[in-house]
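Reader: I would like to learn how to read a model of this kind, feature by feature. Could we begin with the general idea each time, and then turn to the case at hand?

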Amino acid sequence: MKILVAVKRVIDYNVQIRVKEDGSGVVTDNVKMSTNPPDDNAVEEAVKIKESGKAKEIIAVTVGEEKAQETVRKALAVGADRGILVKAPGTIEPLAVAKILQKIVEKEKPDLVFMGKQAIDDDCNQTGQMLAAILNWPQATFASKIDVKENVLEVTREVDEGLETIEVKIPSIVTCDLRLNEPRYASLPNIMKAKKKPLEQIDASELGIDIKPRIEQIKVEEPPKRKAGIKVSSVEELVQKLKNEAKVI
Amino acid sequence: MSVLLIAEHNNKEVKPFTLNAITAASQINDDLHVLVIGKNADPVAKSLSEVANVKKVIHVDNDIYENYIAENYTPVILKQAENYSHIVCSANTFGKNLMPRIAALLDTSQVSDIIKVISEDTFLRPIYAGNAFATVKSTDKKKCVTIRPTSFDPAPTSGGSAEIVKGENTDPSQNTKFVKKEEIKSDRPELGTARIVISGGRGMQSGENFKLITAIADKLNAAIGASRAAVDAGYITNDHQVGQTGKVVVPDLYIAVGISGAIQHLAGMKESKVIVAINKDGEAPIFSVADYGLEADLFDALPKFLEELNKLNTIQK
């Protein structure tokens, strides 16, 4: 079995986001970038399945600028076998990413495609479902447990009411939740080894698909600031304020 | 121009977030139709026909729609889609799972999780877990939009008298099978929808100490949250995690106990209506977003807090 894992390079989750003064976006220059957190879970799960002997090869793919290959190298360092960087400039919307991944799937013919449930930059939560749609594959989103069985996956999904279990035929798409596993850290020797693993570069313009944005970003602004609060001197005062001033208890 | 809203329900009752989504949808255009896909879901279709703002209910009923399977819902919705300018639903796990599948097959770039309708094609949505707001304009002919339910008031459940028409079902998917659903049985409200949330951080020092929080949660009928630090330390399971990589909550009252206020946590709770911070470090960043800050040792403050709550004659539920 072959698993394709899609990863995205995003601003690190510990970085304080700053909005550009001209309203054109957020500041990304000289800002620490990392792999989108649930994409780490997707890579980890693929590696675990390979370690269990149920998968033979893991391919990590990303779409973005040249530097996005760092996320692929990181996936290689924790166990992916080879990588693909699809170079595409500027904003690539989830629909366009799904179309790009469709081309990669057609070429690589994986049995499974894993990715994080959502990227923590644009918070769209679309790419996996869109890829499943255009491939006409089943989708298992928000996965917190994956059992690989004969020709099917049994996937436990995190839904608002609790947990839902579905069975999807392979080939299928799984989007991973943070609770799926504990992503491992790459060891230094493995980071060194990853540098020698193959990483293919493809230019998105060669794929013959329209990836122009369909959504115009008119402006990006800071969320409204909370007005300054007060310090209370005692628990008694706090409870009185909550009862009589804020009227929330 | 008309809007088609996909209802979420359990075949008996409409899920509350659908009512919030109806409010947003009717702000896009007042010719709002609601699609109910289910099994023996007549009561759902009927109750939606009575919701103010709903002009028509389309009801598609078949045994195959007992559970949500996006692969089964999608063809039904695509069949209806040609009559509509907008397809919308709530941005909870139901809508997040379903809508992109529809959007991709309509070749539409979806607008996710809107918090404000600016015009029929322009919306406000949070990005970076609410650390920035983006105003976006969809240029696609047909628009697929998901709505953050907590940003809109629920539509009144009476005052409407929409006609109910039957719609056609389509063939079920052979590739996806529902196995089971385990609903979390808890007397406590869900973290995502609770009116009050009380969360503990690393300052709790142990899982055992979370009982101080549980006691107050019981008293206030609150959900229990936690910071990533508390989850990583193993004090509590990660389904309680509030923050950028956990759940985003918008309760009327959020009480942060022993939480320093890391960026990633603030992203998950700073839209709450009233925020209380209890922390012994007066410089903790959590105080910068708190309406009421109490600089105190939580091990003194929490028992006292419970004591004071017990003195109150009434507590809102």
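Author: Let us begin with contacts: two residues are in contact if their C-beta atoms, placed from the backbone, lie within 7 Å. Please keep in mind throughout that this is a predicted model.

Reader: With that cut-off, what percentage of the contacts in chain A with a separation of 6 or more comes from residues 24 or more positions apart?

Author: Such residues account for 69% of those contacts. The chain itself comes to 6 helices and 13 strands, its C-alpha atoms fill a box of roughly 65 × 40 × 40 Å along the principal axes, and 51% of its 249 residues count as buried.

Reader: How should I treat the confidence values, and what is the mean pLDDT of chain B?

Author: Where pLDDT is low, the predicted coordinates should not be read in detail. In chain B the mean pLDDT is 94, with 99% of the residues reaching 70 or more, and for the complex the predictor gives an ipTM of 0.94 and a pTM of 0.91.

Reader: How many residues of chain B are in contact with chain A?

Author: There are 72 residues of chain B in contact with 64 residues of chain A. On the chain B side, the residues that touch chain A divide into 31 nonpolar, 22 polar and 19 charged. Strands also pair between the chains: strand E9 (residues 162-169) of chain A and strand E11 (residues 176-183) of chain B are antiparallel, with 7 bridges, and A:Gly162 has B:Glu183 as its bridge partner in E11(B).

Reader: Is helix H2 of chain A mostly covered or mostly open?

Author: Helix H2 (residues 69-78) is mostly covered, with 8 of its 10 residues buried; among them are A:Val72, A:Ala75 and A:Leu76, which A:Ala60 touches. Just after this helix, A:Gly79 takes a positive phi of about 140°.

Reader: Finally, how do I read a strand, and why is strand E15 of chain B largely enclosed by the rest of the structure?

Author: In a regular strand the side chains alternate between the two faces of the sheet. Strand E15 (residues 274-279) of chain B is largely enclosed because 6 of its 6 residues are buried. From this strand, B:Val274, B:Val276 and B:Ile278 point one way, whereas B:Ile275, B:Ala277 and B:Asn279 point the other way, and all are buried. Strand E14 (residues 253-257) of chain B runs parallel to E15(B), joined to it by 5 bridges, and B:Val257 stands opposite B:Ile278.

Conventions
Residues numbered from 1 in each chain as written. Chains lettered and ligands numbered in written order. Predicted model: local features only at pLDDT ≥ 70, side-chain atom pairs only at ≥ 80, totals over all residues. Buried ≥ 20, exposed ≤ 12 C-beta atoms within 10 Å, placed from the backbone. Helix = DSSP H or I, 4+ residues; strand = E, 2+ residues; numbered from the N terminus. pLDDT = per-residue confidence, 0-100. Nonpolar A, V, L, I, M, F, W, Y, C, P; charged D, E, K, R; others polar. Pairing = 2+ DSSP bridges. Lists of a residue's contacts leave out its neighbours within four places in sequence.
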